[in-house]
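Colleague: Please take a close look at one part of this model, the central sheet strand and what surrounds that strand. A single connected account will do.

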Amino acid sequence: FTNYICYAESEDGKTWTKPALELFDDLGSKRNNIVIHCAELAKVFVDPLEEDPAARLKMFVYLNGRPPLHGGTGECLLASGDGIHWKFLGGFNKPPYSREDQGNYTDTYSFLFDPLQRRYLA
């Protein structure tokens, strides 16, 4: 089972087009709108602190490829200028649970920018 992050466009938020980006093969064809493969739980946002237009979009995403795809596995941060071509920025250093036998925190559902402290929280 493989999860994908896909790209779509809309002028009005109601009618969407899914361009054939031809970046990744799926079922023997590249005629699809896949931008990240072996991934799930993506949070995409415009980074208000980023000065480089080629990295103004960020994606906090769970990458689950084996071998690692896009540069990492687990919770990772990616950057893009167009929402189509993404580059790996780094992994997320999760805090440990209070008991060692419980593993690591893996809540990828929460991600936000704190404008007062000018930092990202996950």
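Modeller: A nonpolar core is a set of buried Ala, Val, Leu, Ile, Met, Phe, Trp, Tyr and Cys residues joined through side-chain atoms within 4.5 Å; buried means under 20% relative accessible area, exposed over 50%, partly exposed in between, with a 1.4 Å probe and protein chains only. The model is predicted, so local features need pLDDT of at least 70 and side-chain atom pairs count only at pLDDT 80 or more, while totals for chains, interfaces and linings use all residues. Residues are numbered from 1 along each chain as its sequence is written, and side-chain values use heavy atoms, leaving out hydrogens and water.

The largest nonpolar core has 14 residues, of which Val35 and Ile36 touch the most other members. Two or more residues each come from strands E2 (34–37), E4 (57–63) and E5 (74–80), with E4 giving the most, four. Strands (E, at least two residues) are DSSP runs, as are helices (H or I, at least four), numbered from the N terminus.

E5 is largely enclosed by the rest of the structure, because six of its seven residues are buried. Two strands pair if DSSP finds at least two bridges between them. E5 pairs antiparallel with E4 over seven bridges; Leu63 stands opposite Gly74, and Tyr62 opposite Glu75. Four bridges join E5 to E6 (residues 87–91), also antiparallel, with Leu77 opposite Gly90. E5 and E6 form a hairpin with six residues between them, and Gly83 in the turn has a positive phi of about 80°.

The open sheet of four strands runs E3-E4-E5-E6, with E3 (39–46) and E6 as edge strands.
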